[in-house]
Amino acid sequence: CFYNRENREDGSFMTAFLHGLCLAIGLILPLGIQNLFIFQQGVLQPRFYLVLPAVITASLCDTVLILCAVSGVSLLLFKFMMMKVIMIGGGVIILFYMGYLTWHSRVDSSSVNAMQALSRKKQIMFAMSVSFLNPSAVLDIIGVIGTSSAQYANQEKMFFMLACISVSWLWFFCLAIVGRFLGEYKDIDRLMFVINKVSAVFIWSTAIYLMFSLKEVF
């Protein structure tokens, strides 16, 4: 009887872990500001370790959001209108500024170096912005992961949460690695021209979406 009970518990833990794994993969795969930013910095930085500030910051931000979603803290914060206004208003300003910088950034194959790529401080600032001020990412984590975690308790919830966090860290590291490999191509100037324009459009689209959502708050 004790053996069967242990088997059932192991099975429930594995089910919770696989659920969190599949759910997190489905949420993080679509093209978004966060993914584009990490990939872009992976392409621009001349060494992989130089993109680590962006990767680690984005991963830590997702970890914080997932922890808040699973614990229910994030849902409580979003009940206060002032918190929504501050978050959305700040997001609009920062995202428009980020879009402007991205659209006008210039990269050529003979001068892709650390001076053109974002500094460590700017990487951290931008990574935090596209994580905490990105409504699609925040609402996905709060609404989907937070709601899905409600069906689990104790250790099952912990396994679910660990799966979601693991996917986030692994995905951002993989994006940066792929970007670094592409950064070695001779036609890096043409590649980065396209990436910068696409990134800027996505950033501005998110800012516009934020503006409309700010109207709904009132």
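**At what angle do the axes of helix 2 and helix 6 cross, and within what distance do they come?**

**View 1. Helix 2 against helix 6.** The axes of helix 2 (residues 33-44) and helix 6 cross at roughly 160° and come within 9 Å. That makes helix 2 roughly antiparallel to helix 6. Angles over 145 degrees count as roughly antiparallel, under 35 as roughly parallel, 65 to 115 as roughly perpendicular, and the rest as oblique. Axes are lines fitted to C-alpha atoms, for helices over the stretch in contact, and angles run from 0 to 180 degrees between N-to-C directions. Helix 2 passes helix 6 in a left-handed crossing. A crossing is left-handed if the near helix is turned anticlockwise from the far one by less than a right angle, and right-handed if clockwise.

The model is predicted: local features need pLDDT of at least 70, side-chain atom pairs count only at pLDDT 80 or more, and totals for chains, interfaces and linings use all residues. Residues are numbered from 1 along each chain as its sequence is written, and side-chain values use heavy atoms, with hydrogens and water left out.

**View 2. The whole protein.** The protein has nine helices and zero strands. From the N terminus on, its elements run α-α-α-α-α-α-α-α-α. Helices (H or I, at least four residues) and strands (E, at least two) are DSSP runs, numbered from the N terminus. The protein has 218 residues, and 41% of them count as buried. Buried means under 20% relative accessible area, exposed over 50%, and partly exposed in between (1.4 Å probe, protein chains only).

**View 3. Helix 3 and two of its partners.** Helix 3 (residues 52-71) packs with helix 6 (residues 120-132) at an angle of about 30°, and their axes are 8 Å apart. Helix 3 and helix 6 are therefore roughly parallel to each other. Their crossing is right-handed. Helix 3 also packs with helix 8, here at about 160° and with the axes 9 Å apart. That makes helix 3 roughly antiparallel to helix 8. Helix 3 passes helix 8 in a right-handed crossing as well.

**View 4. Pro53 in helix 3.** Pro53 lies in helix 3. Pro53 is buried, because its relative accessible area is 16%. In sequence, Pro53 and Ala127 are 74 residues apart. In space, C-alpha to C-alpha, Pro53 and Ala127 are 8.6 Å apart.

View 5. Ala163 sits in helix 8 (residues 154-182). Ala163 counts as buried, because its relative accessibility is 0%. Between Ala163 and Phe17 there are 5.4 Å in space, C-alpha to C-alpha, and the two are 146 residues apart in sequence. Thr15 lies in helix 1 (residues 2-28). Thr15 is partly exposed, with a relative accessible area of 47%. Thr15 and Phe160 are 145 residues apart in sequence and 8.5 Å apart in space, C-alpha to C-alpha.

**View 6. A nonpolar patch on the surface.** Phe96, Ile208, Met211 and Phe212 form the patch, with about 370 Å² of accessible area together. Patches are made of residues with over 30% relative accessible area and no salt bridge; nonpolar side chains (Val, Leu, Ile, Met, Phe, Trp, Tyr) are joined within 5 Å, like charges within 9 Å. A salt bridge is a side-chain nitrogen of Lys or Arg within 4 Å of a carboxyl oxygen of Asp or Glu. Accessible areas come from the Shrake-Rupley method with a 1.4 Å probe; for residues, only the protein chains shown count as cover. Helix 9 (residues 188-217) gives the largest share of the patch, three residues. Phe96 is found in helix 5 (residues 81-104). Phe96 is partly exposed, with a relative accessible area of 32%.
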